[in-house]
Amino acid sequence: MNAFTSNPPPSVAGKGGVKSPALAPDERDRYQRLADRSIDLELVEAVDIPAREGRAIIVPSGSVLRVACHQGAQVGDMIVFNAENGDEKFWGARSRVIHGSHLTVGDRLWSTPPYTRPMMTMIADTLAEREYPAGVRPHDLLFCRCDFRHYEVNHGDASLPNCQQNLATAIAPHGLTEAQVHDPLNLFMTTGLNEDGRPYYLPSMSIKGDHVEFIAEIDCLAAISACPGGSSGSVSHGLELSVFKEP
Ligand SMILES: [Zn+2]
């Protein structure tokens with residue numbers, strides 16, 4: 001499940017001194033050992049996200065964030081900030097250009113300019129080795145987060161819970177505003193492009209017990225919404241966040 005097969009093109013991001021998109025051999029080895037726990041990790045914080053809600057968690061540099069479908073299939077819209085500077089945040093479009101439309105082990109979450117550096121690297125993905133229908137993959141960078149307007153237009157009800165508001169509520173205690181919510185990495189969301197080039201989704205193919213893990217490259221604040229929309233499937237579940245560090 002931890003293939004570390006990512007082979008991104010030469011750097012299109014960052015200034016001198018920042019890490020390359022490709023993992024160095026020693027990094028790759030260390031991340032593999034963190035993922036398989038041949039390096040011991042201890043749990044430092046756990047947060048349960050109730051179905052259709054959002055929560056935020058601090059992920060200090062060098063620690064590991066696990067996002068788990070502990071109840072069943074569920075999409076998690078994840079946004080990330082520099083924990084000390086809300087102006088530096090996850091740049092989904094740049095990450096897509098570097099790593100592709102769907103992320104997996106070895107791929108990185110890059111930050112917005114002028115910082116443009118890795119914020120996190122995915123080190124474990126239980127969905128990576130699974131078979132998928134032609135053209136779709138998990139952990140989507142094609143879609144945006146859902147918002148009230150989406151539900152107003154498509155379901156005639158603007159009051160339904162949505163990821164935009166869930167994420168805004170989750171980051172508010174950290175001094176961040178709704179305007180700082182940005183396009184997420186849609187964990188466990190199974191998507192593709194149709195023949196007209198339009199993104200589409202299938203119900204999440206995650207199952208109970210699936211998880212992804214990220215190592216933080218800088219001090220991060222991660223906020224995740226258990227998406228109330230149809231991409232999660234017919235039943236809404238919660239998500240479980242855990243942060244681990246070396247003892
Ligand atoms: Zn959503």
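**Figure 1. Val243 of strand E13 is the bridge partner of Glu45.** The model shown is predicted: local features are reported where pLDDT is at least 70, side-chain atom pairs count only at pLDDT 80 or more, and totals for chains, interfaces and linings use all residues. Residue numbers start from 1 along each chain, following the sequence as written. Strands (E, at least two residues) and helices (H or I, at least four residues) are DSSP runs numbered from the N terminus. Two strands count as paired if DSSP finds at least two bridges between them. Strand E13 covers residues 239-245 and pairs with E1 through 7 bridges, in the antiparallel sense.

**Figure 2. Glu240 lies in strand E13.** Glu240 is partly exposed, because 16 other C-beta atoms lie within 10 Å. A residue is buried with 20 or more other C-beta atoms within 10 Å of its own, exposed with 12 or fewer, and partly exposed in between, the C-beta atoms being placed from the backbone. Neighbours within four places in sequence aside, Glu240 is in contact with Ala46, Asp48, Ala68 and His70. Ala22 is 218 residues from Glu240 along the chain, and their C-alpha atoms are separated by 29 Å.

**Figure 3. Val80, Cys220 and Ala222 touch the most other members of the largest nonpolar core.** This core has 60 residues, and its largest share, 6 residues, comes from strand E12 (residues 220-226). A nonpolar core is a set of buried Ala, Val, Leu, Ile, Met, Phe, Trp, Tyr and Cys residues joined through C-beta atoms within 7 Å. Val80 is in contact with Lys89, Phe90, Leu109, Met119, Met120, Cys220 and Ala222, leaving aside its neighbours within four places in sequence.

**Figure 4. Buried residues line one face of helix H2.** H2 spans residues 92-99, and its buried residues are Gly92, Ser95, Ile98 and His99. Seen down the helix axis, these residues fall within an arc of 125 degrees, so they line one face. The arc is that of the directions from the helix axis to the C-beta atoms. The elements that cover the buried residues of H2 include E6 and E8.

**Figure 5. The loop between E6 and E7 contains Pro114 and Thr116.** The peptide bond from Pro113 to Pro114 is cis, with omega near 0 degrees. Thr116 is not a glycine, yet has a positive phi of about 45 degrees. Most residues other than glycine have a negative phi, and most peptide bonds are trans. With 17 other C-beta atoms within 10 Å, Thr116 is partly exposed.

**Figure 6. Phe143 sits in the loop between E7 and helix H3 (148-155).** Phe143 is buried, because 20 other C-beta atoms lie within 10 Å. Residues up to four places away in sequence not counted, Phe143 touches Asn186, Met189, Thr191, Pro199 and Tyr201. Asn186 is 43 residues from Phe143 along the chain, and the C-alpha atoms of the two are separated by 7.5 Å.

**Figure 7. Strands E9 (residues 190-193) and E10 (residues 199-202) run antiparallel and are joined by 4 bridges.** The bridge partner of Thr190 in E10 is Leu202. The hairpin has 5 residues between its strands, and Gly197 in this hairpin takes a positive phi near 85 degrees. Phe188 is in the loop between strand E8 (185-187) and E9. Although not a glycine, Phe188 has a positive phi of about 65 degrees. Phe188 is buried, with 29 other C-beta atoms within 10 Å.

Technical notes
Two residues are in contact if their C-beta atoms, placed from the backbone, lie within 7 Å.
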